Amino acid sequence: MRKVLLAALVIGSILLALYPMVATGYGIRFMLQLFMWVALAQSWNLISGLTGYVSFGHVAFFGTGAYTAAILVATHGWHWAPASFTGGIAGVVLALIIGYPCLRLKGPYFAIAMLGLNEVMRVLVSYFEGLTGGGLGISLPILYASIQIYYAMGLAAIAVTATAYLIISSRFGLRLMTIREDEIAAEAMGVDTARYKLYAFLLSAFIPGVVGGLHARDQGYIEPLSVFPLLTTITMIVMALFGGKGTVWGPVLGATMLFVFQELVWARFLYLHQILFGAIIVFVVLLMPRGILGVLQQRYHLSRSL
Amino acid sequence: MSIFITPAMVGQVVISGLLAGALYSMVALGLALIFGVMRVINIAHGTILMLGAYTTFWWFQLLGINPYLSLLASMPLMFLLGLLLQYTMVTRVVDAPELSSLLLTFGISIALVNLAQLAFTSDLRSVEFLTGAFVLGPIALSKSRLISFAVAVAITLLAFWFLQKTKLGKAIRATSQNSEVAMVCGINVPRIRLYTFGIASALAGAGGSLVAVIFAIQPEMGQVYTFKSFLVIILGGAGNYPGALLGGMLLGLVEQLSSLFLTTQLSEAVAYVLLVLVLLLRPTGLLGGRAR
Amino acid sequence: MQNGHLLELRQVTKRFGGVTAVNCCSFELAPGKIYGLIGPNGSGKTTLFNCITGLEVREEGEIRFKGERIDGLKPHQVAHRGIGRTFQIIRVFPELTALENLLVVTWQPFDAAQDRAQELLRFVTLDRLQNEYAGNLSYGQQKLLEFARILMTDPELILLDEPAAGVNRTLLNELLQAIRNLRARGKTVFIVEHDMKVIMDLSERIFVLNYGEKIAEGPPGLVQSDERVIEAYFGR
């Protein structure tokens, strides 16, 4: 079974790597965004799927990375690759600053704090106009780099999924899960929950920052509302949930399925699409909170690293 | 930003703050009830407020009668909507991990907001009814805000009377303290939850009606009220109903005061920064609620 | 250890708002014995355990383990010093398998840990369920798993909070035997229990708590006939 999966993985990667040679512009941008959502959903999974601490403002790292990279590219002439990487670092720094105090909060309060954090970042970014262009946003110099961004996003998605695999199949991952299962017992058994939560949180903030930077380069223009929307957080959460949070491939599966549906089926009718999306959220929450892989795992005793 | 801040300006700002605060308190009380009784974080609260606002708009548009009377329509309508939502969906995420209720109510919110956009378009609407202000010396009190203050206070007092003196109200409070014990005491907890969501939605709807006479109406107007209600109950302490009152007043004051000293943009941030600060420093609220 | 005591509590006090849950308690535990802690409901027994393990922070007094102060340490630090505990309500990790529940609490290298974990599971007769999610196990099995998990951390002092609760006779005898084995291996056990027969049988020395205060201590026979103890349980 494992060999088959491994083979599928290798073949799939090769196909994806070769794809830009045969794809249309639309096809490349489609896949590029798909990679982005996979990366986002998986990053959310690292903190919330594993430790159970629901980060309800995770898009804050995305937006911070986007603005950091955009400023570096537009104002200081950096190349988008190191700029995006720095965006990731910015995300981690933000996580470090708020992580320690916020992670001490219990369930609902942590969620609300993260929500508030996102709004704080959005408003701060609007305020420091000199740096960020305020409500007018930042325009990046024109550059057609879709193919390179395609590979960069793909790399980000692979990196975070590989991280998820390494964590989930290790005792570090098990210890993170004990925090989700029973934090008090975990602490009593010698797990330094404060430190572990922080590590997971920092890890989960890096890729959204990088991907935010790549997104900024890809779009060519960002503004506060476009990179700090609550809808983005919700989307990445629903994707991770749909596929199965706490698993390695769940977020990948969920992101792929939902994004494909979104683009192919609903993007034509904006309001209808949103209503349907709302319905999907309700459906997932009420009827399949464990997600596809979560259910399969329980039923067939599959490995979590699946 | 002015250099000289006169007492009159401060007085104006304080009064404006209190006027706005009463509205926040009333709306936040609804959110507090839902969280207190069911541990549900209702992101759709502001959306219901928005629907209340549209009810008032159409009332005034189609009937031409005093929009304040539309409260007689918006409150019952939102009450029924609340019952429906609770009965069909919210009841399943009660006592579930908070992620479930967050996502569920967000899903409901998105669906409702977009339905509103389909039905009403996102054109800005307004209810032109009361314009102008009462002038008391150096202080000008906008008529519509004054009336909204009075109505909000009346409704909130009514709500508190209800919670303290009626059987249903006491049952609600008992359930929010300990639902298992309440059940053992013979309280029909599922039905209490139903009524709670209904009442909370009615409060939100009332808020929407009052806001409709003051501000412009559009489908996405609710989100900011949801956030502010969160802030109010965190300030006052979750599960602490009188705390929601003070929290609302505090928020109103802080908002208006900060608009005196800061730009409008930053004063918007003040609410959120306050939220995060209070959560980090005193998660049980300034008045201390339950540390859950 | 200066005076040979493994665990020492000196005038420990813990308050919750207006309620004094533990009032000026002092205990000494010597290594290698089984101690019992009894008292009517609400007398502060679990709170005392929580203070020792760092789950609660005591207001006054000192707690020393092997001569060093441990009050004020975080629970995971206390665990690493060599104190382990079980809980009144079973706290296994439900979505981890039985094996994983054990692997997670030790910092030994993976292979050594896995060997030891499987050996312990055999010891508590759960080895054929090692890949079952702990949440799917029966109450008794979870109890055994929790016990095995404690052993996995190899502590010197083991605090057991109502180990006999909800357990049938057969399982109980296995547990009691396991506890005696622990003492034979030089471990020290401190048990909170309501089942008088169990406590009197097992313990070499018993402390009695009432309304947060220690009202008696001594060997089982002495404590059983102590007037204050009888009064605490049955009234005058």
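Axes are lines fitted to C-alpha atoms, for helices over the stretch in contact, and angles between N-to-C directions run from 0 to 180 degrees. The model is predicted: local features need pLDDT of at least 70, side-chain atom pairs count only at pLDDT 80 or more, and totals for chains, interfaces and linings use all residues. Residues are numbered from 1 along each chain as its sequence is written, and chains are lettered from A and ligands numbered from 1 in the order in which they are written.

Chain B contains eleven helices and two strands, arranged along the sequence as α-α-α-α-β-β-α-α-α-α-α-α-α. Helices (H or I, at least four residues) and strands (E, at least two) are DSSP runs numbered from the N terminus. The radius of gyration of chain B is 19 Å, close to the 19 Å given by the globule rule for 292 residues, so chain B is as compact as a globular protein of that length. This radius is taken over C-alpha atoms, and the rule is 2.2 Å times the number of residues to the power 0.38. The C-alpha trace of chain B spans about 60 × 50 × 35 Å along its principal axes. Of the 292 residues in chain B, 55% are buried (20 or more other C-beta atoms within 10 Å of the residue's own, with C-beta atoms placed from the backbone). Residues are in contact if their C-beta atoms, placed from the backbone, lie within 7 Å. Among contacts in chain B between residues at least 6 apart in sequence, 78% join residues at least 24 apart.

Within chain B, helix 1 (residues 7-38) packs against helix 6 (residues 167-177) at an angle of about 55°, with the axes 6 Å apart. Helix 1 of chain B is therefore oblique to helix 6 of chain B, a class that holds the angles left after roughly parallel (under 35 degrees), roughly antiparallel (over 145) and roughly perpendicular (65 to 115). Leu33(B), Gly36(B) and Val37(B) of helix 1 meet Ile172(B), Thr175(B) and Ser176(B) of helix 6.

The contact between chains B and A takes 35 residues from chain B and 34 residues from chain A. Helix 4 (98-120), helix 9 (222-236) and helix 11 (264-281) of chain B each supply at least two residues of the chain B side. The largest share, 15 residues, comes from helix 4 of chain B.

The contact between chains C and A takes 18 residues from chain C and 15 residues from chain A. Helix 2 (75-81) and helix 3 (98-103) of chain C each supply at least two residues of the chain C side; helix 2 of chain C gives the most, with four residues.

Note on methods. Buried ≥ 20, exposed ≤ 12 C-beta atoms within 10 Å, placed from the backbone. Contact = placed C-beta atoms within 7 Å.
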